[in-house]
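User: I would like to learn how to read the features of a protein model one at a time, with the general idea before the particular case. Could we go through the one shown here?

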Amino acid sequence: MSTSQTSIPLTALRSSVRLGDRYTLAALDAADTPLLGLADGDRPVLLPAGAGHLLVAAGAGGGTTSVLRALAAQALALGARVDVIDPGGDHTWARDLPGVTYLTRIAAVHDHLLLTVAALQDGCADWDGGWPGRRVLLIENTGAIAYGLRQYWLHTRPETQLEEAPGVEALAVLLATGPSFGIQVLAGNPRGDIPDLGHVPTHQVFTIRLLGFGGPALWKRVAPEIWAPPASSLVPGRLHLVADGRATAVQGLYVSDDEARALACGLPLPRRTA
């Protein structure tokens with residue numbers, strides 16, 4: 001199998017990329033799609049304009065929550081609607097924001113996923129390929145959500161003959177067909193696998209992947225097209241973006257909860273001279 005890889009020395013990257021920094025603001029000002037972070041030489045690394053799903057596979061402290069927060073806030077600023085599936089309370093910054101459906105209870109997540117799939121099947125989705133009209137699903141941990149959906153169905157519908165919880169099946173449908181209808185999943189999962197989606201490999205469902213704090217086993221699950229895996233780093237927010245058969249080292253954009261709310265609402269951002 002032919003593989004390719006771009007490996008950038010870790011020392012060439014900044015140790016942090018904060019919202020108010022001059023080099024970050026310059027990248028944001030020039031971007032028409034969310035900024036993931038900066039590569040070497042302060043090169044902006046952007047989320048591809050299409051609606052392909054993104055997976056962040058990183059251990060504790062690897063930057064999963066901050067990356068998802070920054071991307072979701074920018075998606076809102078660009079006109080997308082964002083469904084925040086947040087039973088763990090990791091994204092309270094999004095609560096009550098315009099354009100956000102904020103879901104904390106598994107029962108509500110179950111119903112919302114089924115209604116979203118039903119809307120697709122009824123032909124109600126209308127999307128022209130841009131950010132306005134796009135629906136973004138932010139899911140902090142797909143494994144925990146799938147487990148919660150199964151437990152909910154087990155305890156509320158014990159007489160069912162279904163082999164799989166409908167909420168998990170609905171999530172699988174959205175992952176498989178969502179991009180054609182402008183539905184984009186931004187997900188985190190420290191293991192980097194997909195719960196019960198048959199034999200479809202992770203890299204075929206998530207065309208955009210960010211890996212951090214992981215060894216060869218994680219790379220084999222999430223990005224088998226990259227060989228040999230680049231060395232990991234202990235710098236918080238240091239990740240590798242994998243897309244189109246290439247791996248690029250990037251320092252992820254960090255925004256605080258307050259900054260995320262301001263960014264999502266299109267408010268003026270603080271500017272630093274550093």
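User: What share of the contacts in the chain with a separation of 6 or more comes from residues 24 or more positions apart?

Analyst: A contact means heavy atoms within 4.5 Å. In this chain, residues 24 or more positions apart account for 68% of the contacts with a separation of 6 or more. This is a predicted model, in which local features need pLDDT of at least 70 and side-chain atom pairs count only at pLDDT 80 or more, while totals for chains, interfaces and linings use all residues. Residues are numbered from 1 along each chain as its sequence is written, and side-chain values use heavy atoms, with hydrogens and water left out.

User: How many helices and strands are there in the chain, and what percentage of its residues count as buried?

Analyst: Helices (H or I, at least four residues) and strands (E, at least two) are DSSP runs, numbered from the N terminus, and the chain has 8 helices and 11 strands. A residue is buried under 20% relative accessible area, exposed over 50% and partly exposed in between, with a 1.4 Å probe and protein chains only; by that rule, 50% of the 274 residues count as buried.

User: Which strands pair with strand E5, and why is E5 described as largely enclosed?

Analyst: Two strands pair if DSSP finds at least two bridges between them. E5 (residues 81–85) is joined to strand E7 (residues 135–139) by 5 bridges, and these two run parallel; Val82 has Val136 as its bridge partner in E7. With strand E6 (residues 100–103), E5 pairs in the parallel sense over 4 bridges, and here Asp83 stands opposite Thr101. Because 4 of the 5 residues of E5 are buried, the strand is largely enclosed by the rest of the structure.

User: Which residues touch the most other members of the largest nonpolar core?

Analyst: In soluble globular proteins, nonpolar side chains tend to be buried together. A nonpolar core is a set of buried Ala, Val, Leu, Ile, Met, Phe, Trp, Tyr and Cys residues joined through side-chain atoms within 4.5 Å. The largest one has 45 residues, of which Leu36, Leu54, Trp93 and Leu210 touch the most other members, and helix H2 (residues 64–77) gives the most to this core, with 8 residues. Leaving aside residues up to four places away in sequence, Leu54 touches, among others, Leu36, Leu68, Val185 and Leu210.

User: What do the buried residues of helix H1 pack against?

Analyst: The buried residues in H1 (residues 22–30) are Tyr23, Thr24, Leu25, Ala27 and Leu28. They pack against several elements, including strand E2 (35–38), H2 and strand E11 (246–254).

User: Where does Val222 lie, and is it buried or exposed?

Analyst: Val222 lies in helix H7 (residues 216–222) and is buried, with a relative accessible area of 0%. Among the residues that Val222 touches, not counting those up to four places away in sequence, are Leu55, His203 and Leu211. The C-alpha atoms of Val222 and Arg191, 31 residues apart along the chain, are separated by 8.7 Å.
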